[in-house]
Amino acid sequence: MEGFLEEFYTELGYAMRKDEWGNMLFYPYDSESLTLFSAHMDTVDIAVDPHVVETDYEIATDGQTALGADDKAAIAVLMTLAEERRNDVAFLFSVAEEIGLFGSGKLDKNFFIGLEIRFCFVLDASGKVGSMITRAPGKTRMTLSFKGRSAHAGFAIEEGINAISLASEFVYRLEKGRFEDGSTLNVGSFVAEGSTNVVPDNAVVTLEIRAVATSRLRAIEEATLKLAKEVDPNVRPTVEHLYEGYELPKDSSIIRHVEASVPDIIKASTMGGSDASHLNRLGIESVVLTSGYLNAHSREERIPKSEIDRLERLIRSLLISRV
């Protein structure tokens with residue numbers, strides 16, 4: 001995908017920037033104030049080699065793979081737009097979005113230096129075209145290794161400290177699921193390999209936390225670590241702050257622009273992540289637009305052709321207004 005897009009955009013006469021991770025930015029040499037459009041190049045594993053089935057009305061698969069319209073549908077529409085060679089539009093294509101926004105997480109302000117970017121539209125949300133996401137959570141991944149003491153399960157079981165018991169107590173006592181404010185905590189993995197004749201001395205629990213406000217995210221992290229250390233003072237935690245949440249104010253320039261351009265746009269929030277999180281972190285006002293595909297990440301993924309047309313029309317409407 002990277003090589004294909006690089007050849008396509010450079011042959012059209014766009015300047016290119018590419019970082020060491022593979023993220024690519026294409027922009028006109030004679031650029032003015034730019035509207036940035038963004039999509040990611042990777043897909044989930046079951047869409048790597050899609051079995052595409054096309055009808056007069058939609059594009060889907062034979063049910064054996066996912067389609068990969070997330071995010072290839074957006075890329076296709078942006079390629080059509082690029083052929084017009086406008087001097088007020090730039091295109092950002094990120095890598096490794098599906099594994100935790102890894103690619104966009106590596107972007108920094110220097111990648112955009114010298115360019116005047118008004119704001120960015122990230123084309124990466126499931127659902128019919130016509131919604132914009134202005135509120136999304138941050139995400140933390142936490143790995144907790146509980147440390148017991150091994151002993152022979154027959155001769156000296158009393159001398160052992162069972163790490164599985166420690167980890168199980170932690171998971172049992174942990175407040176998890178969805179909280180009243182919409183934040184979530186999910187235990188996704190519990191691993192404790194070993195033999196039945198040995199008291200296990202290691203058990204690993206992996207969980208994720210999502211919250212819009214960074215202060216709330218940190219508070220849940222702190223409470224989780226406190227409980228883990230209460231259960232096992234020797235617990236070994238690893239905390240990964242994958243991305244921060246955002247909530248754009250109603251009077252932000254990008255929201256006013258979208259509402260003026262597309263009066264019937266629906267404002268929405270999500271508990272999923274997107275590259276908009278990192279772009280907002282860099283100070284580039286960004287919203288996510290639904291791109292028309294349905295049942296993403298599944299073998300039932302599909303996109304009606306009418307939605308592809310609607311996405312193209314919506315993009316063109318966004319480029320008319322200059323609020």
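Me: Before we count anything, what makes two rings a pair here?
Reply: Rings of Phe, Tyr and Trp (its six-membered ring) pair if their centres lie within 6.5 Å, and planes under 30 degrees apart count as stacked, over 60 as edge-to-face and the rest as tilted. This is a predicted model, in which local features need pLDDT of at least 70 and side-chain atom pairs count only at pLDDT 80 or more, while totals for chains, interfaces and linings use all residues. Residues are numbered from 1 along each chain as its sequence is written, and side-chain values use heavy atoms, with hydrogens and water left out.

Me: OK, how many aromatic pairs are in the whole structure?
Reply: The search finds 12 aromatic pairs. One of them, Tyr 9 with Phe 93, is tilted, at 5.5 Å centre to centre and 55° between the planes. Because Tyr 9 lies in helix α1 and Phe 93 in strand β6, this pair ties together parts that are 84 residues apart in sequence; helices (H or I, at least four residues) and strands (E, at least two) are DSSP runs, numbered from the N terminus.

Me: And is Tyr 9 buried or exposed?
Reply: Tyr 9 is buried, with 0% relative accessible area, where buried means under 20%, exposed over 50% and partly exposed in between (1.4 Å probe, protein chains only). Phe 93 is likewise buried, at 0%.

Me: Which residues make up the aromatic cluster?
Reply: Phe 8, Tyr 9, Tyr 14, Phe 26, Phe 91 and Phe 93 form one cluster.

Me: Switching topic, what happens just after α1?
Reply: Gly 13 takes a positive phi of about 100° there.
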